[in-house]
Amino acid sequence: MRTEERWVAIMGSMLGIMMVIIVITGVTSALHPPSNVEVVDPQTLHLNGEFVESNLGTAFEPDGSVTVRLVAVQFDFVPHCVRVPADTPVRFRLTSADVVHGFLLPITNVNTMVVPGFVAEVRTRFKHAGEYEMPCHEFCGMGHHGMVSHVSVVPKDQFPGAAPSRKDKLCSKVID
């Protein structure tokens, strides 16, 4: 009987310690979110700031990486097709002007939710040139099934001459 009482005390202590850890973690995470939280006004995205129309698309950074800025709207990503160089760090910065959207690049490590009023940021590197689909994977309304945009990855040495265009003819074939 004494052994049973000891085991009950040990199990009770372990349960108490786990509960304290859960409460402390919950309180500290609520005070300091674990992710980079940036807010934007979805009503004025197109008027000023980072997501004004002239800033959308691909931009070189001083460190040699590339930043792609996109706005998710029903039922497209703007711009519809973006070009990035192969074998280069790529940072996608996204926001939504209307409802929650999903951002997915199959065959990569990119998968995030795009929430109105917040900036989502994901990073990746495309090893090979090709065309990649960019579907929305969160139901965003009746036209959700057609919300597919593209990323065109070009060889690094050909990238400076490949100016992004919304009417890009290279965004027609997609890698499976």
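**Core, sheet and aromatic pairs in a predicted model**

Student: Which residue in strand 10 is the bridge partner of Cys81?

Tutor: Cys81 has His150 as its bridge partner in strand 10; strands here are DSSP runs (E, at least two residues), numbered from the N terminus. This is a predicted model, in which local features need pLDDT of at least 70 and side-chain atom pairs count only at pLDDT 80 or more, while totals for chains, interfaces and linings use all residues. Residues are numbered from 1 along each chain as its sequence is written, and side-chain values use heavy atoms, leaving out hydrogens and water.

Student: In which sense do strand 4 and strand 10 pair?

Tutor: They pair in the parallel sense, over 5 bridges; two strands count as paired if DSSP finds at least two bridges between them.

Student: What is the strand order of the open sheet?

Tutor: The order is 4-10-9, with mixed pairing. Strand 4 and strand 9 are the edge strands, each pairing on one side only.

Student: Turning to the core, which residues touch the most other members?

Tutor: In the largest nonpolar core, of 24 residues, these are Phe92, Phe103, Leu105, Phe126 and Val151. Such a core is a set of buried Ala, Val, Leu, Ile, Met, Phe, Trp, Tyr and Cys residues joined through side-chain atoms within 4.5 Å. Buried means under 20% relative accessible area, exposed over 50%, and partly exposed in between (1.4 Å probe, protein chains only).

Student: Which strand gives the largest share of this core?

Tutor: Strand 2 does, with 4 residues.

Student: And what does Leu105 touch?

Tutor: Leaving aside residues up to four places away in sequence, Leu105 touches Phe92, Val110, Phe126, Tyr132, Glu133, Met134 and Val151; contact means heavy atoms within 4.5 Å.

Student: How many aromatic pairs are there?

Tutor: The count is 4. Rings of Phe, Tyr and Trp (its six-membered ring) pair if their centres lie within 6.5 Å; planes under 30 degrees apart count as stacked, over 60 as edge-to-face and the rest as tilted. One of the pairs is Phe60 with Phe159, edge-to-face at 5.2 Å centre to centre and 80° between the planes. Phe60 lies in strand 1 and Phe159 in the segment after strand 10, 99 residues apart.

Student: Why does Phe60 count as exposed?

Tutor: Because its relative accessibility is 52%. Phe159, by contrast, counts as buried because its value is 6%.

Student: Are Phe77 and Phe103 buried or exposed?

Tutor: Both are buried. Together with Phe92, Phe77 and Phe103 form one aromatic cluster.
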